[in-house]
Amino acid sequence: DRCRHLIRILRTSALNGLELTEAFNSVTQMEGPRPCIVKETAEEALKLYKVSLKQREIDVFICPSTDIRTDVPFFVPAFTLANLIGNARDAIWAHGRIEITAEEKGQFIECHVTNNGPEIPPDIQKTLFEFGKTNKDHHNGWGLYFVKRALIENGGDIWLAYSNQESTRFTILLPRPHPSRESGSMFI
C-alpha cells in the first residue's frame, strides 16, 4: 500500500511537471497564432503558477471581457501576463485575488491586471521597467523590462495604472487586429 501511494504521488508530480513544461514552452514560444485571443494567452500564463497560487489560496479570475483578439504573436501577451501573475503572487503571498480584464479602446485593447496585494512603494514605482531594478530577493529585475520591450516592439505598451493600499493595477496596451487579419483575407 505504501509503494502504491508513492507511485500515485510520483505520477501526479510527473503529470504536473509535464503540464508546467508544456505551459512554459507555450508561453515562451517566439512564434504563434496571430492574431491571438487574450483569454487564451491568460489561461496559458496561469498554468505556470497554478500550483503555487492554489497553495497560497490566491484566486485568479480571467473575465469574459478578455475574449478579444489582439494583433501580436501569442508569446507577447502570454509572457506579459505570466510575469504580472508571478509578480502579483509574490506581492500578495497568501489569501488574495488577481483579476484580468480587457476592453477595446479605439485601435487598441487595454488589458488590466489587478491584484489586492500591498501598495508598491513610490520609489520602486519609478524604476519598475528599468533593467536590473528590483526590490525582491533572488530576482534580477529583468521581467518587466523585457515585457515592456516585447510589447513596444509589437506596437503595444505597459504601465502601472495605480498602486494603493487596496490594490495594484497594471495596464497592457495591445493593438487590435487589422481588418484584413480579422477576416482571414490577405488583401483589402
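In which helix is Gly 86 found? The legends below, drawn from a predicted model, begin with that residue.

**Figure 1. Gly 86 in helix H4.**
The answer to the opening question is helix H4. Gly 86 has a relative accessible area of 4%. Buried means under 20%, so Gly 86 is buried.

**Figure 2. The crossing of helices H2 and H4.**
Helix H4 covers residues 75-92, and helix H2 covers residues 38-47. The axes of H2 and H4 come within 8 Å and cross at roughly 50°. The two helices are therefore oblique to each other. Their crossing is right-handed. On the H2 side, the residues that meet H4 are Val 38, Thr 41, Ala 42, Ala 45 and Leu 46. On the H4 side, Pro 77, Ala 78, Leu 81, Ala 82 and Ile 85 take part. Sorted by class, this contact has nine nonpolar residues, one polar residue and no charged residues.

**Figure 3. The crossing of helices H4 and H6.**
Helix H6 spans residues 143-153. The axes of H4 and H6 come within 10 Å and cross at roughly 155°. H4 and H6 are therefore roughly antiparallel to each other. The crossing is left-handed. From H4, the contact includes Val 76, Phe 79, Thr 80, Asn 83, Leu 84 and Asn 87. From H6, these meet Gly 143, Leu 144, Phe 146, Val 147, Ala 150 and Leu 151. By class, the contact of H4 with H6 divides into eight nonpolar, four polar and no charged residues.

The structure holds six salt bridges, and one of them joins Glu 44 and Lys 47. The closest N and O atoms of this pair are 2.9 Å apart. Glu 44 is buried, with a relative accessible area of 17%. Lys 47 is partly exposed, with a relative accessible area of 33%.

**Figure 4. A salt bridge between Glu 99 and Arg 97.**
In this pair, the closest N and O atoms are 3.1 Å apart. Glu 99 has 23% relative accessibility and counts as partly exposed. Arg 97 also counts as partly exposed, at 37% relative accessibility.

**Figure 5. A salt bridge between Glu 104 and Arg 176.**
The side chains of Glu 104 and Arg 176 meet at 3.3 Å, N to O. Glu 104 lies in strand E4 (residues 96-105), while Arg 176 lies in the loop between strand E7 (168-175) and helix H7 (179-182), so the pair ties together parts that are 72 residues apart in sequence. Glu 104 is partly exposed, with a relative accessible area of 47%. Arg 176 is partly exposed at 32% relative accessibility.

**Figure 6. Glu 103 and its contacts.**
Glu 103 is found in strand E4. Its relative accessible area is 32%, so Glu 103 is partly exposed. Leaving aside neighbours within four places in sequence, Glu 103 is in contact with Ile 68, Phe 108, Ile 109, Glu 110 and His 112. The C-alpha atoms of Glu 103 and Leu 173 are separated by 10.0 Å. These two residues are 70 residues apart along the chain.

**Figure 7. Positive phi at Glu 57 and His 95.**
Most residues other than glycine have a negative phi. Glu 57 has a phi near 55°, a positive value in a residue other than glycine. The place of Glu 57 is in the loop between helix H3 (50-55) and strand E2 (58-62). At 48% relative accessibility, Glu 57 counts as partly exposed. His 95 has a positive phi of about 55°, although it is not a glycine. Where is the place of His 95? His 95 sits in the loop between H4 and E4. With a relative accessible area of 57%, His 95 is exposed.

Conventions:
Residues are numbered from 1 along each chain as its sequence is written. This is a predicted model: local features need pLDDT of at least 70, side-chain atom pairs count only at pLDDT 80 or more; totals for chains, interfaces and linings use all residues. Side-chain values use heavy atoms; hydrogens and water are left out. A salt bridge is a side-chain nitrogen of Lys or Arg within 4 Å of a carboxyl oxygen of Asp or Glu. Helices (H or I, at least four residues) and strands (E, at least two) are DSSP runs, numbered from the N terminus. Buried means under 20% relative accessible area, exposed over 50%, partly exposed in between (1.4 Å probe, protein chains only). Axes are lines fitted to C-alpha atoms, for helices over the stretch in contact, and angles run from 0 to 180 degrees between N-to-C directions. Angles under 35 degrees count as roughly parallel, over 145 as roughly antiparallel, 65 to 115 as roughly perpendicular and the rest as oblique. A crossing is left-handed if the near helix is turned anticlockwise from the far one by less than a right angle, and right-handed if clockwise. Contact means heavy atoms within 4.5 Å. Ala, Val, Leu, Ile, Met, Phe, Trp, Tyr, Cys and Pro count as nonpolar, Asp, Glu, Lys and Arg as charged, and the others, Gly among them, as polar.
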